[in-house]
Structures are given as structure tokens and as C-alpha cells.
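The following note sets out points for discussion, in numbered form. Please read it alongside the sequence and the coordinates.

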Amino acid sequence: MYRAVIVVLCSLFLLQSCVQGMSLWGKRRCSCKGPGANSVDIKQIKTMKVFRPSSKCEKMEIAVTLKRGTRAICLNPDSRTGKRLLELAKKKSSGE
């Protein structure tokens with residue numbers, strides 16, 4: 001009996017390490033709720049983070065922090081401003 005418990009616990013531990021990062025219940029946890037804002041003043045952006053689709057969230061997300069605020073605002077990546085910011089980030093990362 002004791003040996004069976006040890007085998008089951010070891011199996012569960014190995015299984016957990018194989019599926020690390022995957023949600024147990026199939027729920028995805030995105031940082032942004034809803035579609036996000038369609039526009040922000042680009043000159044007022046202090047920081048920008050782009051989250052690519054992953055096992056935790058299947059959609060691309062853009063989070064910006066404005067100079068006059070401390071909380072992040074989600075920006076719709078399909079909006080005109082979102083596409084422009086993605087284009088600028090791509091240029092900056094490629095060194096243009």
C-alpha cells in the first residue's frame with residue numbers, strides 16, 4: 001500500500017513537471033480584459049510591453065503605461081494606433 005502511494009505521488013510529480021505552464025482546467029489567463037483601447041497619445045507613452053500569443057493567452061496583447069499614470073492600459077493590437085506601435089517596435093528591435 002505504501003509503495004503504491006509513493007508510485008502515484010512520483011507519477012503526479014513527473015506529470016506536473018511535463019505540463020508546466022499549461023492550465024489544468026483549460027482556462028487562459030490574458031493580461032487584458034476585453035478588446036482594449038483603440039487609441040492613446042503616442043507621445044505620452046512611458047513604457048510598452050507586447051505579449052505574443054502563448055499557452056497562457058491565445059491573443060496578442062499590448063500594454064502601455066502613460067507618463068501621467070502608473071497603471072497599464074491595454075491597447076487593441078488591431079487598432080490603427082496598435083498597428084503603428086507594433087510597427088515602431090519591430091523597427092526598433094531590428095535596429096533601423
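1. Ile-62 has Leu-75 of β3 as its bridge partner, and Ala-63 is likewise bridged to Cys-74 in β3. These positions belong to the antiparallel pairing of β2 with β3, which extends over four bridges.

2. The model is predicted, and the confidence values should be kept in view when the points below are read. The mean pLDDT of the chain is 81, and 80% of the residues reach at least 70. Among the elements, strand β2 (residues 61–66) has the highest mean, 92, whereas helix α1 (residues 2–18) has the lowest, 71.

3. The sheet is open and has three strands in the order β1-β2-β3, paired in the antiparallel sense. β1 and β3 are the edge strands; each has a single partner, so one side of each is left without a neighbour in the sheet. On average, and ignoring direction, neighbouring strands are turned by 25 degrees against each other. The pairing of β1 with β2 is antiparallel and comprises six bridges. Within the sheet, Lys-49 stands opposite Ala-63 of β2.

4. How many of the residues of β2 are buried? Six of the six are, so the strand is largely enclosed by the rest of the structure. Glu-61, Ala-63 and Thr-65 point one way from β2, while Ile-62, Val-64 and Leu-66 point the other way, and all are buried. In a regular strand, side chains alternate between the two faces of the sheet. A reader may wish to note that Glu-61 is among these buried residues of β2.

5. The largest nonpolar core has eight residues: Val-40, Ile-45, Ile-62, Val-64, Leu-66, Leu-75, Leu-85 and Leu-86. Both β2 and α2 (80–94) supply at least two residues of this core, and β2 gives the most, with three. Leu-66, one of the core residues, has contacts with Gln-44, Ile-45, Lys-46 and Ile-73 when residues up to four places away in sequence are not counted.

6. Helix α2 lies across β1, β2 and β3 and runs at about 85 degrees to β1. Thr-81 is located in this helix. Its relative accessibility is 13%, and because buried means under 20%, Thr-81 counts as buried. Beyond its neighbours within four places in sequence, Thr-81 is in contact with Asn-38, Ser-39, Val-40, Ile-42 and Leu-75. Of these contacts of Thr-81, Val-40 and Leu-75 are also listed in the nonpolar core.

7. Two disulfides are found in a search of the whole structure. One of them joins Cys-30 to Cys-57, with an S to S distance of 1.9 Å. This pair links distant parts of the chain, 27 residues apart: Cys-30 is in the loop between α1 and β1 (45–51), and Cys-57 is in the loop between β1 and β2. The link is right-handed, with 95 degrees about the S-S bond. Cys-30 and Cys-57 are both buried.

8. Which residues form the other disulfide, their sulfur atoms 2.1 Å apart? They are Cys-32 and Cys-74. Here Cys-32 in the loop between α1 and β1 is linked to Cys-74 in strand β3 (residues 72–75), 42 residues away in the chain. This link is left-handed, with -90 degrees about the S-S bond. Why is Cys-32 classed as buried? Its relative accessibility is 7%, and the limit is under 20%, so Cys-32 qualifies as buried.

9. With the bonded cysteines numbered in sequence order, the pairing is 1-3, 2-4. Cys-74 takes part in a disulfide with Cys-32 and is also the bridge partner of Ala-63.

10. Not counting residues up to four places away in sequence, Ser-31 touches Glu-61 and Cys-74. The C-alpha atoms of Ser-31 and Cys-57 are separated by 8.2 Å, the two residues being 26 residues apart along the chain. Glu-61, in contact with Ser-31, is one of the buried residues of β2.

Terms used
Residues are numbered from 1 along each chain as its sequence is written. Side-chain values use heavy atoms; hydrogens and water are left out. pLDDT is the predictor's confidence in each residue, from 0 to 100. A nonpolar core is a set of buried Ala, Val, Leu, Ile, Met, Phe, Trp, Tyr and Cys residues joined through side-chain atoms within 4.5 Å. Buried means under 20% relative accessible area, exposed over 50%, partly exposed in between (1.4 Å probe, protein chains only). Contact means heavy atoms within 4.5 Å. A disulfide is a pair of cysteine sulfur atoms within 2.5 Å. Two strands pair if DSSP finds at least two bridges between them. Axes are lines fitted to C-alpha atoms, for helices over the stretch in contact, and angles run from 0 to 180 degrees between N-to-C directions.
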